[in-house]
Amino acid sequence: MSLTRPFGSTTPWAEPTWYTGRPSPYYNDSHRKLRDHLRAWVDDNFASSSEEWEAAGAVPPELYNKCAEAGLLVPIASGKSIPADWARYGIIAGIGAEEWDGFHDFILWDELTRGGNIANLFIGLVVGAPPLRYFGSDFLKSKILPEVLSGQKRICLAITEPSAGSDVRNITTTAEKTPDGKHYIVNGEKKWITNGMFSDYFMTAVRTGGEGATGISMLLIPRSEGIRTRKIEIGAGSLSATTYVVFEDVKVPAEYLIGEEGLGFMYTMTNFNHERLWITFQALRGCRVSMLDAMEWAQKREAFGQTLIQQPVVRWKFGNMARKVDALHAWTEQVVYELEHLSDLEAARVLGGVTALLKVEAGIVAQYVANETVKIFGGLGLTKTGQGARVEAFSRAVKGFIVPGGSEDVLIDLGVREAIKLSKQQAKRQVKI
Ligand SMILES: Cc1cc2nc3c(=O)[nH]c(=O)nc-3n(C[C@H](O)[C@H](O)[C@H](O)COP(=O)(O)OP(=O)(O)OC[C@H]3O[C@@H](n4cnc5c(N)ncnc54)[C@H](O)[C@@H]3O)c2cc1C
């Protein structure tokens, strides 16, 4: 086996190893086609204006339609596999629905994240669409999916409340059936809902029954009378439109229930596996962008009569960042491969704890790289414009990998509990065999 054509930046660690031409068992021509296409598309459409949109807190409305026309929304809403009948809304780079796999999903997010905070525009779609796809009725899917996949309407996921974040079992937003059974009346508040400001649909965890997990259901709530939204300013960037949502006597048709009453907690937990993997994809590219900028800076900035990279302490920083980032990348590829080769049911059973720990590691590595690259840039690492701007932005964004999608402490605990549960199951299987 020999090296293949290198792609992208030649700066060390700026790209995943397979981009440099080194062999990998995971990628084929279809993946390379997607990567090449996306690199050019993102550079043409996002990269140059990303900072400007961030400062304005919004993108031009036609940009979202452009993304839909380019075939971005279907893969974004899909994750590791695209249903055949979604292909009619377009798939970027002309990739067939049957070709699309978890590695296409990885490349999609790797390249989109390289385009800056613009990827935040799609967070609601990534986390809000899957419950509809996997658990929604045919009626709901045929009504809502065409609007969402074609970019006419937008969706977000509303689980967290002011008094219930990690503890999803304790949400208090209620959905009470009207006496004629035709509607739910929703009352409650949701907090930190990404993309909520511009969403037309709220995929919402509500309480339809008694206390605890079994009283929770999932309801798709169209923006309507009784819903108020206000923006929450967060450090990681304004394009994500993080939102406080109030539901006050909101009347929702009973057919907008997702799946069955009482299964909303299970739907929420199932959704988390891809969300955590997808956060890892973004953290990895953020690390590489920061390392790229820091390496270029270190090669030209002089201090004490030599460039920064000539100083052993600075090289030590790069060596340590590199081993962490490449190890995280390899683990991520392994998990993508495992997801690819297990049934959805098996994957949910054996990989929930693994994706939790993977996301924890992504947050820790991203925080490490952010700290080191800020130091390499000195004052420029704290400056929102100029050569350190992307490093400065990443140093704010890393907190967004640590808390959303499950907070670090909670996920470490989950990872260990899941591993112990699985080991007991394995021991039973060994005895039977
Ligand atoms: C930028 C951003 C975007 C978000 N987007 C969305 C969204 O789109 N939709 C949505 O529904 N939610 C969203 N969230 C909410 C997010 O999922 C929650 O913030 C997260 O689950 C943590 O909940 P909390 O903030 O209430 O923290 P808490 O649950 O109050 O926890 C605080 C801390 O207590 C500790 N802790 C709590 N419980 C345990 C435990 N069992 N074991 C160990 N330590 C523990 C941890 O250190 C934890 O970080 C978003 C949040 C942010 C900040």
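## Basis of the values

Residues are numbered from 1 along each chain as its sequence is written, and side-chain values use heavy atoms, with hydrogens and water left out. In this predicted model, local features need pLDDT of at least 70 and side-chain atom pairs count only at pLDDT 80 or more, while totals for chains, interfaces and linings use all residues.

## Packing of H10 and H13

Helices are DSSP runs (H or I, at least four residues), numbered from the N terminus. Helix H10 (residues 344-377) packs against helix H13 (residues 408-432) at about 150 degrees, with the axes 8 Å apart. Axes are lines fitted to C-alpha atoms over the stretch in contact, and angles run from 0 to 180 degrees between N-to-C directions. H10 is therefore roughly antiparallel to H13, a term for angles over 145 degrees.

The crossing of H10 and H13 is left-handed, that is, the near helix is turned anticlockwise from the far one by less than a right angle. Contact (heavy atoms within 4.5 Å) involves residues including Val-350, Gly-353 and Val-360 of H10 and Leu-411, Gly-415 and Leu-422 of H13. By class, nine nonpolar, three polar and five charged residues take part in the contact of H10 with H13. Ala, Val, Leu, Ile, Met, Phe, Trp, Tyr, Cys and Pro count as nonpolar, Asp, Glu, Lys and Arg as charged, and the others, Gly among them, as polar.

## Surroundings of Glu-54

Glu-54 lies in helix H2 (residues 50-56). Leaving aside residues up to four places away in sequence, Glu-54 touches Asn-117, Gly-237, Ser-238 and Leu-239.

## Aromatic pairs

The whole structure holds 17 aromatic pairs. Rings of Phe, Tyr and Trp (its six-membered ring) pair if their centres lie within 6.5 Å; planes under 30 degrees apart count as stacked, over 60 as edge-to-face and the rest as tilted. Trp-18 and Tyr-27 are stacked, at 3.8 Å centre to centre and 10 degrees between the planes. Trp-18 has a relative accessible area of 6% and is buried; Tyr-27, at 8%, also counts as buried. Buried means under 20% relative accessible area (1.4 Å probe, protein chains only).

The rings of Trp-41 and Phe-46 form an edge-to-face pair, with centres 5.4 Å apart and planes at 85 degrees. Both Trp-41 and Phe-46 are buried. One aromatic cluster consists of Phe-7, Trp-18, Tyr-19, Tyr-26, Tyr-27, Phe-103 and Tyr-337.

Terms used. Helix = DSSP H or I, 4+ residues; strand = E, 2+ residues; numbered from the N terminus. Parallel < 35°, antiparallel > 145°, perpendicular 65-115°, else oblique. Buried < 20%, exposed > 50% of the residue type's maximum accessible area, 1.4 Å probe, protein only.
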